[in-house]
Amino acid sequence: MAARIRRNPLTQALVPDVDAFEPRIEATIAEERNLLEAEASATAVVQFADYDLDDSVDFVSANVDKRSLLAQRLFKDLRPSELKRPTLGGQLDIMQTWPEALAEADKAVLRDHAPVVATRAKAGEEAAKEKKTATQNLVNFRTIGTRVKLNQDHNKLRKSLYGKLGEIQHAHKLGAGWAESFFLQDSAEELTLSQLDKKIGAALAELDALKMQREALAAQEAKIAAQRAQAAQQEKKAKLEALQKLKADLAAQEAALLSELSE
């Protein structure tokens with residue numbers, strides 16, 4: 001539209017309207033590019049944080065007794081490969097409890113790794129927040145922010161220009177469709193029914209794929225949550241059994257001492 005208006009001898013009076021709007025388009029494109037770069041950067045930070053946490057999983061797994069209470073406390077009945085599978089997510093939630101557990105380990109190599117995990121877990125938390133913010137900023141830009149407002153104002157400009165082009169068409173007795181010809185290439189309203197059906201089909205296919213991805217991730221997170229709850233329950237039972245055994249031992253010692261005193 002803008003190119004046609006600039007090059008047609010009859011529409012030179014409309015060029016200032018087109019040129020005045022151009023900086024807003026460029027600014028919006030630049031804003032979206034910056035938001036996309038910010039999201040890509042945040043995604044990279046998330047991946048790097050995840051790599052570091054996975055490295056700690058491998059290190060601890062290689063140095064902890066798989067049958068120990070410490071291993072149960074750390075891995076919650078998950079295999080190391082299962083714990084590493086979510087990118088941050090449930091893995092980060094679990095590993096944020098590791099520094100305290102590792103600090104109480106018998107092996108010095110595990111105690112020494114506690115501050116490393118603390119640093120990595122903190123970095124993971126910050127990376128997750130950065131990614132969430134970057135994604136939300138991009139969503140806001142596209143749904144309620146600058147791009148939506150630009151499209152609204154651009155449509156107003158197009159309607160205004162169409163009216164002025166109609167006046168030019170009438171004044172110069174130009175053929176029918178002359179004003180419309182300035183919008184043929186870039187008018188989203190002129191999509192055919194078949195083209196719209198294809199676009200809807202592609203959007204639905206993408207939506208289905210995203211739903212499947214979400215369901216798989218939700219199932220994985222639910223499994224981790226259930227295993228964490230089971231591990232916590234087992235830990236409580238183990239503590240209860242230990243306390244009951246201690247109580248029984250103390251009762252036996254008390255009975256023995258009373259028997260000796262009564263003799």
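1. Basis. The model is predicted, so local features need pLDDT of at least 70 and side-chain atom pairs count only at pLDDT 80 or more, while totals for chains, interfaces and linings use all residues. Residues are numbered from 1 along each chain as its sequence is written, and side-chain values use heavy atoms, with hydrogens and water left out. Helices (H or I, at least four residues) and strands (E, at least two) are DSSP runs, numbered from the N terminus.

2. H2 with H8. Helix H2 spans residues 15-63. Helix H8 spans residues 146-171. They pack at an angle of about 160 degrees, with axes 11 Å apart. Axes are lines fitted to C-alpha atoms, for helices over the stretch in contact, and angles run from 0 to 180 degrees between N-to-C directions. H2 and H8 are therefore roughly antiparallel. The cut-offs are under 35 degrees for roughly parallel, over 145 for roughly antiparallel, 65 to 115 for roughly perpendicular, and oblique for the rest. The crossing of H2 and H8 is left-handed. That term applies if the near helix is turned anticlockwise from the far one by less than a right angle; clockwise is right-handed.

3. Residues between H2 and H8. Which residues of H2 meet H8? They are Asp17, Val18, Phe21, Arg24, Ile25, Thr28, Glu31 and Glu32. On the H8 side are Thr146, Arg147, Lys149, Leu150, Asp153, His154, Leu157, Leu161 and Lys164. Contact means heavy atoms within 4.5 Å. By class, the contact of H2 with H8 has six nonpolar, three polar and eight charged residues. Ala, Val, Leu, Ile, Met, Phe, Trp, Tyr, Cys and Pro count as nonpolar; Asp, Glu, Lys and Arg count as charged; the others, Gly among them, count as polar.

4. A general point on spacing. An α-helix has 3.6 residues a turn, so residues three or four places apart point the same way.

5. H2 with H7. The axes of H2 and H7 come within 8 Å and cross at roughly 155 degrees. H2 and H7 are therefore roughly antiparallel. H2 passes H7 in a left-handed crossing. The residues of the contact of H2 with H7 divide into 20 nonpolar, nine polar and nine charged.

6. H7 with H8. Helix H7 covers residues 108-143. H7 and H8 pack at about 10 degrees, with axes 4 Å apart. That makes H7 roughly parallel to H8. Phe141, Arg142 and Thr143 of H7 make the contact with Thr146, Arg147 and Val148 of H8. By class, the contact of H7 with H8 has two nonpolar, two polar and two charged residues.

7. Lys173 is found in the loop between H8 and helix H9 (193-262). Phi of Lys173 is near 50 degrees, a positive value in a residue other than glycine. Lys173 counts as exposed, at 74% relative accessibility. Buried means under 20% relative accessible area, exposed over 50%, and partly exposed in between (1.4 Å probe, protein chains only).

8. H9 length. The 70 residues of H9 should span 104 Å at 1.5 Å a residue; the end C-alpha atoms are 102 Å apart, which agrees. The expected span of a helix is 1.5 Å times one less than its number of residues.

9. Buried side of H9. Ile224, Gln227 and Ala231 in H9 are buried. The buried residues of H9 pack against helix H3 (69-75), helix H4 (80-84) and helix H5 (89-95).

10. Where is Glu82 found? Glu82 lies in helix H4. At 8% relative accessibility, Glu82 counts as buried. Leaving aside neighbours within four places in sequence, Glu82 is in contact with Lys223 and Gln227. Lys76 sits in the loop between H3 and H4. Lys76 is buried, with a relative accessible area of 15%. With neighbours within four places in sequence left aside, Lys76 is in contact with Ala71, Ile94, Gln227, Arg228 and Ala231.

11. Distances, C-alpha to C-alpha. Lys76 and Ala40 are 36 residues apart in sequence and 32 Å apart in space. Glu22 is in helix H2 and is partly exposed, with a relative accessible area of 27%. Glu22 and Leu70 are 48 residues apart in sequence and 63 Å apart in space. Ala216 is in helix H9 and counts as partly exposed at 48% relative accessibility. Ala216 and Ser56 are 160 residues apart in sequence and 25 Å apart in space.
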